[in-house]
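Keep the structure in view while reading.

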Amino acid sequence: MRAFSFVHAADLHLDAAFQGFAGLPDSHGHVFEALRRATFEAFGNLIRLCLDAGVDFLLVAGDVYNAADRSLRAQLAFRDGMRRLAEAGIRAYVAHGNHDPLDSRVHSVRLPDTVHVFGKTESSVGFEKEGEPVARIHGASFPTRVVGKRFARKIRREGPEPFQIGLLHCTVGPHAGHEQYVPRTLDELRRAGLDYWALGHVHTRSELSERDPFVGYPGNLQGLHANEAGPRGCFLVRVDETGRMAPPEFVAVDAVRWSRRALSIEGLPDIPALEQALGTLLDEEARGSDGRPVVVRIELNGRGPLHGELLRSGTAAALLESIQRAGADLDPFVWPERVEVRTRPEVDLDRRRSGDDFVGECLRLIQEYRGADAGGREPLRACLDELFGHPRASRFLPDLTDDDLLELLDEVETLCVDRLIPEEG
């Protein structure tokens with residue numbers, strides 16, 4: 001058998017728009033343009049990966065396009081990418097999904113003959129390398145946006161090829177935030193007798209089965225909103241002369257990276273101090289993005305004197321505008337897409353401890369345990385013995401030292417403040 005390699009990609013969503021970025025001022029036009037081109041840039045990175053790695057073929061597991069009308073610009077970009085692969089002798093196998101079913105409006109853009117687009121019913125096609133059969137790819141494309149429960153259930157191992165692949169846009173198991181399209185179980189996929197299931201639809205990378213067969217989602221090529229944070233890309237797969245597959249390698253190809261960050265206002269006395277802390281956060285994002293621009297959503301949390309100021313009308317908007325100007329000037333840029341204020345007011349713990357309510361009693365008890373000697377903390381240790389002295393749990397938990405107890409008391413005090421007096425001013 002000849003060794004071969006391929007790339008497994010899915011959910012290209014070419015020409016998908018980032019939401020909420022229309023109407024940026026002219027001074028930030030480079031940000032808007034980078035976001036507008038992001039899905040196309042990510043696709044270009046995918047094609048370059050195929051060329052640079054010298055793979056034999058590319059698999060695309062659905063949603064090449066973002067919408068059923070398939071913008072002409074998206075179709076031309078996909079055709080041009082396929083032409084570049086064809087010129088290098090790299091084939092492509094495509095199964096359409098719920099965003100780009102076969103019945104959607106199609107412009108007259110012809111793909112190279114080296115691209116095999118699966119039809120509305122199950123079929124398979126063999127791949128030969130230097131005249132030797134090495135792989136067979138099975139798949140089906142969504143004929144319409146919604147398909148029946150029996151769609152593509154007849155995919156089974158067949159033919160002489162030693163390595164066999166299933167290419168399908170579907171949902172395996174529960175996936176929050178994704179509609180259930182063509183639901184499958186791992187057992188159903190295993191019974192097909194294939195070696196690799198190249199799946200699409202779920203935008204978060206996941207490996208559901210590492211071998212016999214490998215079953216996985218590479219995720220989408222380009223994150224499109226704050227819930228698609230972190231690196232996005234595809235799997236690079238290599239199979240040796242014995243038919244043994246190396247663990248698929250995830251390769252990031254995203255053009256712009258989404259991130260979510262939290263920043264506590266605790267210890268920050270005023271807005272300038274907060275702006276400085278946010279500037280440090282933006283610098284960290286720029287350094288940690290592998291040279292990519294970043295769109296970041298920031299949550300301000302914690303308790304502190306800034307809480308009241310942040311709730312005043314216009315303060316959060318002015319703060320966002322200020323850090324957007326700073327982030328847009330970084331290279332690569334870091335664009336704060338939103339600042340969410342989830343802070344709480346500062347609490348006078350001494351005053352609360354002196355109260356005759358339940359909160360005051362809890363805080364006084366915590367303070368008493370803090371000031372007690374080792375013997376005085378024995379009642380607290382007795383409460384924790386059920387966990388730390390449990391025959392099974394004790395194997396995984398270290399001995400509870402006095403320093404550990406003091407740290408736990410600090411955490412309990414914070415929980416009491418946050419849960420019992422959330423609106424303290």
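At what angle do the axes of helix H1 (residues 29-53) and helix H2 (residues 72-87) cross? The model is predicted. In it, the two axes come within 10 Å and cross at roughly 10°. Angles under 35 degrees count as roughly parallel. H1 and H2 are therefore roughly parallel to each other. Their crossing is right-handed.

H1 brings Arg36, Phe40, Phe43, Ile47, Arg48, Cys50 and Leu51 to this contact. H2 meets them with Arg73, Ala74, Ala77, Phe78, Gly81, Met82, Arg84 and Leu85. By class, 10 of the residues in the contact of H1 with H2 are nonpolar, one is polar and four are charged.

A second pair involves helix H4 (271-287) and helix H6 (residues 315-328). The axes of H4 and H6 also come within 10 Å, and cross at roughly 40°. H4 and H6 are therefore oblique to each other. H4 passes H6 in a right-handed crossing. On the H4 side, the contact uses Ile271, Leu274, Glu275, Leu278 and Leu282. On the H6 side, the residues are Thr315, Leu319, Ser322, Ile323 and Gly327. These residues of H4 and H6 divide into six nonpolar, three polar and one charged.

The two pairs side by side:

| Helix pair | Axes come within | Crossing angle |
|---|---|---|
| H1 and H2 | 10 Å | roughly 10° |
| H4 and H6 | 10 Å | roughly 40° |

Now H6 itself. The helix has 14 residues. From its first C-alpha to its last, H6 reaches 20 Å, close to the 20 Å expected at 1.5 Å a residue.

Which residues of H6 are buried? They are Thr315, Leu319, Leu320, Ser322, Ile323, Gln324, Gly327 and Ala328. An α-helix has 3.6 residues a turn, so residues three or four places apart point the same way. The buried residues of H6 pack against several elements: H1, H4, strand E16 (294-301), helix H5 (306-311) and strand E18 (334-341).

Thr315 deserves a separate look. Is Thr315 buried or exposed? Its relative accessible area is 14%. Buried means under 20%, so Thr315 is buried. Thr315 lies in H6. Leaving aside neighbours within four places in sequence, Thr315 is in contact with Ile271, Glu309 and Leu310. Ile271 belongs to the H4 side of the contact with H6.

Note on methods
Residues numbered from 1 in each chain as written. Predicted model: local features only at pLDDT ≥ 70, side-chain atom pairs only at ≥ 80, totals over all residues. Heavy atoms only, no water. Axes fitted to C-alpha atoms, helices over the stretch in contact; angles between N-to-C directions. Helix = DSSP H or I, 4+ residues; strand = E, 2+ residues; numbered from the N terminus. Parallel < 35°, antiparallel > 145°, perpendicular 65-115°, else oblique. Left-handed = near helix turned anticlockwise from the far one by under 90°. Contact = heavy atoms within 4.5 Å. Nonpolar A, V, L, I, M, F, W, Y, C, P; charged D, E, K, R; others polar. Expected span 1.5 Å × (residues − 1). Buried < 20%, exposed > 50% of the residue type's maximum accessible area, 1.4 Å probe, protein only.
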